[in-house]
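Thanks for coming. I will take one structure today and walk through a helix, a pocket and a few single residues. Please have a look at it before I start.

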Amino acid sequence: LLGWSQGDLVNASGVSISTIKLLESRDGAIGGMPETRSKILVALEKAGIEFPDNGLGVRLVPRTKRTR
């Protein structure tokens with residue numbers, strides 16, 4: 001949805017590239033430390049990704065409705 005590279009996610013989240021690569025190489029729910037998951041989710045949310053409460057999928061919030 002965002003067209004980000006791993007480097008873009010590293011820059012936005014502050015999570016190391018090696019951690020991003022490790023997490024992307026695994027199937028299933030995101031693993032890792034709770035702080036790492038939080039940093040990634042916050043970075044994605046700030047970029048406009050919305051995670052619906054029902055846990056089904058994600059969506060990109062229109063730029064005009066994003067809060068920063």
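I begin at the end of a helix. Directly after α3 comes Gly 48, and its phi is positive, near 110°. Bear in mind throughout that this is a predicted model.

Now the helix itself. α3 covers residues 34-46, which makes 13 residues.

Which residues of α3 are buried? They are Thr 36, Ile 40, Ala 43 and Leu 44. These four cover an arc of only 95° around the axis, which means that they sit on the same side of α3. As a reminder, an α-helix has 3.6 residues a turn, so residues three or four places apart point the same way. The face turned away from that buried side carries Pro 34, Glu 35 and Lys 46, which are exposed.

Take Thr 36, which belongs to helix α3. Thr 36 has a relative accessible area of 17%, and because the cut-off for buried is under 20%, Thr 36 counts as buried. Setting aside residues up to four places away in sequence, Thr 36 touches Val 15, Thr 19 and Leu 23.

The other is Ser 13, in helix α1. Its relative accessibility is 10%, so Ser 13 is buried. Beyond the neighbours within four places in sequence, Ser 13 is in contact with Lys 39, Ile 40 and Ala 43. Of these, Ile 40 and Ala 43 were on the list of buried residues in α3. Ser 13 and Thr 36 are 23 residues apart along the chain, and 8.6 Å separates their C-alpha atoms.

The largest pocket has a volume of about 290 Å³. Its lining has 13 residues, and the closest to the centre are Leu 9, Leu 23, Glu 24, Ile 30 and Ile 40. Leu 23 is also one of the contacts of Thr 36, and Ile 40 one of those of Ser 13. Helices α2 and α3 each supply at least two residues of the lining. What is the make-up of that lining by class? Eight residues are nonpolar, two are polar and three are charged.

Last, two residues that are not buried. Ser 18 is in helix α2. With a relative accessible area of 48%, Ser 18 is partly exposed. Ser 18 and Gln 6 are 12 residues apart in sequence, and their C-alpha atoms are 9.8 Å apart in space.

Val 58 sits in the loop between β1 and β2 (59-60). Buried, partly exposed or exposed? At 44% relative accessibility, Val 58 counts as partly exposed. What does Val 58 contact, leaving aside neighbours within four places in sequence? The partners are Leu 1, Ile 49, Glu 50, Phe 51 and Pro 52. As for Leu 1, that residue is 57 residues from Val 58 along the chain, with 9.2 Å between the two C-alpha atoms.

That is what I have, and I will take questions now.

Notes:
Residues numbered from 1 in each chain as written. Predicted model: local features only at pLDDT ≥ 70, side-chain atom pairs only at ≥ 80, totals over all residues. Heavy atoms only, no water. Expected span 1.5 Å × (residues − 1). Buried < 20%, exposed > 50% of the residue type's maximum accessible area, 1.4 Å probe, protein only. Arc of directions from axis to C-beta. 1 Å grid on protein atoms, 1.4 Å probe; cavity = no way out; pocket = protein on both sides within 12 Å on 5 of 7 lines; lining within 4 Å. Points joined across faces, edges and corners; volume = space filled by probe spheres on them. Nonpolar A, V, L, I, M, F, W, Y, C, P; charged D, E, K, R; others polar. Contact = heavy atoms within 4.5 Å.
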